[in-house]
Amino acid sequence: MVDQTGAVPQGAEQDIETDVVIIGAGPCGLFAVFELGLLDIRAHVIDILDKLGGQCAELYPEKPIYDIPGLPIVTGAKLTDQLLEQIKPFDPVFHLNERIDALEPMADGRFKLVTDDHRSFITKVVVIAAGGGSFTPKRPPLAGIEAYEGNSVFYSVRKMENFTGRDILIVGGGDSALDWTLSLQPIANSITLMHRRDDFRAAPHSVEKMRALVAENKLKLVIGQVKQLHGDNGQLERVTVKPKDGEELDLIANCMLPFFGLTMKLGPIAQWGLNLHENLIPVDTEKFQTSQPGIFAIGDINDYPGKLKLILSGFHEGALMAQAAHRIVYPDRKLKFQYTTSSSNLQKKLGVK
Amino acid sequence: MPKITFVQPDGSRQDVEAQTGMTVMEAAKKNLIDGIEAECGGACACATCHVYVDEAWQQAVGKPADMEEDMLDFAFDVREASRLSCQIKVTDELDGLIVAVPDKQF
Ligand SMILES: Cc1cc2nc3c(=O)[nH]c(=O)nc-3n(C[C@H](O)[C@H](O)[C@H](O)COP(=O)(O)OP(=O)(O)OC[C@H]3O[C@@H](n4cnc5c(N)ncnc54)[C@H](O)[C@@H]3O)c2cc1C
Ligand code: FES
């Protein structure tokens, strides 16, 4: 199940109760699903990205990785695909486009997590596999831009209606910029697309549609860059731009959508009452547990003596974490060490027997 | 060893010694040059190693490849002289190279 934000009205859903919530669907979060699954623990996985795979999928899908044991060369995208295939028997529930904002212990020893969309999870175990933190839209370093955010400057579109009748400036040349230009054009009062060069990374058919609208005078295309924002009380009025060939000029715009890609920011994790050390979460190296029992941290986000921010380290951390999680989820069950090669019990879970 | 000069937005200059084969970004990081962030560690995946190549050196350094040009879309205040420093390999020909660090990376 992939969940689209905004599709569910606020409060319309029950809290989701589960054994494990994994925060972050990077390679380490994904492999943790496997290790937990072997121990009969099913997980919900939440990521703010619109796709699975964390850094591998967002930052370097086409680049080769050479140090995954047993895979002499594999791209970020391929590794993600392979991990998804590997964890399929355990049927994890993915929630994309959602950020975990709050994490609190409950009186009964479980934890309550709340997303930016006000959905709640109640869980026995939390696995923080948040890498370098939430992927967050880059904020153009324009003076005073913060004051306009949420009112006139937006990094994503949650509700189309909010853009009806506005004078919109969209900045960027990738799919987000082009897709939103095409979607908002019919409802905007006026719309301008600005990009630094007359060459677009977006899908060719979107670029064609965009050029057709320009030819019909329904969309203004400016090749140039934003220099300065003007307005009052968070309300944008004009934007000074520098066209590539020409002098600076002012554009009328009461709304701006800059699309300059994503960067990782620690984000809400800092507010969860966990010990932090230089934006990392210290853990032990037996269970990879944080300062709060029941909350584990694996992958790039954790820190311990000798830590290496490598995917393979995160895989190992997930395996040991799962053993400790088992003790919390099934306190009465004894854990028996087993190999996937020879255990018919594990093979049944994997669906190969 | 080729010398590279980094010019800060306030005009201050730092000369560093680089080794051939390393990238201009690596030379900057090794010498703790301000304003070169290089979040992605040189994979042409973040655009936070953006520099402006001094006019006299633009020909020797050359133009960005397609992938780098795409990545420059994620940089701020991109100009003719813009390059991602992780994509410039230091060679003996670049001894004396001058690059300016932008006011702000993202
Ligand atoms: C260009 C590049 C090349 C690399 N090459 C290699 C290599 O060759 N070999 C190697 O081993 N490693 C390599 N790495 C490092 C490797 O990608 C990381 O070690 C790995 O991605 C870490 O995995 P992770 O699962 O811990 O976190 P990530 O991949 O960072 O994923 C974390 C996820 O958590 C999400 N998240 C964080 N906070 C929240 C929240 N509050 N709510 C919801 N979601 C949240 C983020 O959006 C993100 O998607 C490379 C990295 C880069 C950038
Ligand atoms: S270091 Fe990331 S693009 Fe150069």
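Which pattern does chain B follow when read along the sequence? Chain B runs β-β-α-β-α-α-β-β. This amounts to three helices and five strands, where helices (H or I, at least four residues) and strands (E, at least two) are DSSP runs numbered from the N terminus. The radius of gyration of chain B is 12 Å, close to the 13 Å that the globule rule gives for 106 residues, so chain B is as compact as a globular protein of that length. The radius is taken over C-alpha atoms, and the rule is 2.2 Å times the number of residues to the power 0.38.

The model is predicted; local features need pLDDT of at least 70, side-chain atom pairs count only at pLDDT 80 or more, and totals for chains, interfaces and linings use all residues. Residues are numbered from 1 along each chain as its sequence is written, chains are lettered from A and ligands numbered from 1 in the order in which they are written, and side-chain values use heavy atoms, with hydrogens and water left out.

The C-alpha trace of chain B spans about 30 × 30 × 25 Å along its principal axes. Of its 106 residues, 52% count as buried. Buried means under 20% relative accessible area, exposed over 50%, and partly exposed in between (1.4 Å probe, protein chains only). Contacts (heavy atoms within 4.5 Å) were also counted by sequence separation. Among those in chain B between residues at least 6 apart in sequence, 64% join residues at least 24 apart.

Charge placement was examined next. Chain B carries 9 positive and 20 negative charges, and their mean positions are 3 Å apart. Lys and Arg count as positive, Asp and Glu as negative; His and the chain ends are not counted. Each charge is placed at NZ of Lys, CZ of Arg, CG of Asp or CD of Glu.

Pro9(B) sits in the loop between strand S1 (3-7) and strand S2 (13-17) of chain B. Pro9(B) counts as partly exposed because its relative accessibility is 49%. Beyond residues up to four places away in sequence, Pro9(B) touches Val101(B), Pro102(B) and Asp103(B). Thr48(B) is 39 residues from Pro9(B) in sequence and 16 Å away in space, C-alpha to C-alpha.

In chain A, His44(A) belongs to strand S2 (residues 43-46). His44(A) is buried, with a relative accessible area of 11%. Its side chain makes a polar contact of 2.9 Å with that of His95(A). A polar contact is a pair of N or O atoms within 3.5 Å; within protein, one must be able to donate a hydrogen and the other to accept it, and residues adjacent in sequence count only if both atoms are side-chain atoms. Leaving aside neighbours within four places in sequence, the contacts of His44(A) include Ile16(A), Val93(A) and Phe121(A).
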